[in-house]
Amino acid sequence: MGLYDFSFYDLIMRNSVAFADSICWKEMDDDRQMTFADYKKRVDILALGLSQIGITKGDRLGVVGKNSLATTGKEEGDMGILLRFRNA
């Protein structure tokens, strides 16, 4: 596997197996935490949701929100704003 064949999702998958119960995110404001296994679950849920609303490979997205567990969707109803860009 070459350097450019290894995607960010490959890294997430590898870390969820190798470091499943290790902390990958710690919220500084209130000490909430997320493990690598939990992070992969959140990524998979987000990917499914994006595909269900029509986002496909190659689409450009922008997310406006605080860099926190709330923005990742860990807390229901507390997501950032999702912007979708299309080439005209």
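Trainee: Which residue does the side chain of N15 join by a polar contact of 2.8 Å?

Mentor: A polar contact is a pair of N or O atoms within 3.5 Å; within protein, one must be able to donate a hydrogen and the other to accept it, and residues adjacent in sequence count only if both atoms are side-chain atoms. Here the side chains of N15 and R14 are joined by such a contact, at 2.8 Å. Please note that this is a predicted model, in which local features need pLDDT of at least 70 and side-chain atom pairs count only at pLDDT 80 or more, while totals for chains, interfaces and linings use all residues. Residues are numbered from 1 along each chain as its sequence is written, and side-chain values use heavy atoms, with hydrogens and water left out.

Trainee: Where does N15 lie, and is N15 buried or exposed?

Mentor: Helices (H or I, at least four residues) and strands (E, at least two) are DSSP runs, numbered from the N terminus. N15 belongs to helix 1, residues 8-18. Buried means under 20% relative accessible area, exposed over 50%, and partly exposed in between (1.4 Å probe, protein chains only). With a relative accessible area of 11%, N15 is buried.

Trainee: Which residues of helix 1 are buried?

Mentor: In helix 1, the buried residues are I12, N15 and S16. Seen down the axis of helix 1, they fall within an arc of 100°, so they line one face of the helix. The arc is that of the directions from the helix axis to the C-beta atoms. The cover over these buried residues includes helix 2 (36-52).

Trainee: With which residues is N15 in contact, leaving aside its neighbours within four places in sequence?

Mentor: Contact means heavy atoms within 4.5 Å. With those neighbours left aside, N15 is in contact with A20 and F36. As for T35, it is 20 residues from N15 in sequence, and the C-alpha to C-alpha distance between the two is 9.8 Å.

Trainee: What is the phi of D31, and where is D31 found?

Mentor: D31 has a positive phi of about 65°, although it is not a glycine. D31 sits in the loop between strand 1 (23-26) and strand 2 (33-35). Its relative accessible area is 48%, so D31 is partly exposed.

Trainee: How many helices and strands does the protein have, and what pattern does the protein follow along the sequence?

Mentor: The protein has two helices and four strands. Read along the sequence, they follow the pattern α-β-β-α-β-β. Of the 88 residues in the protein, 17% are buried.
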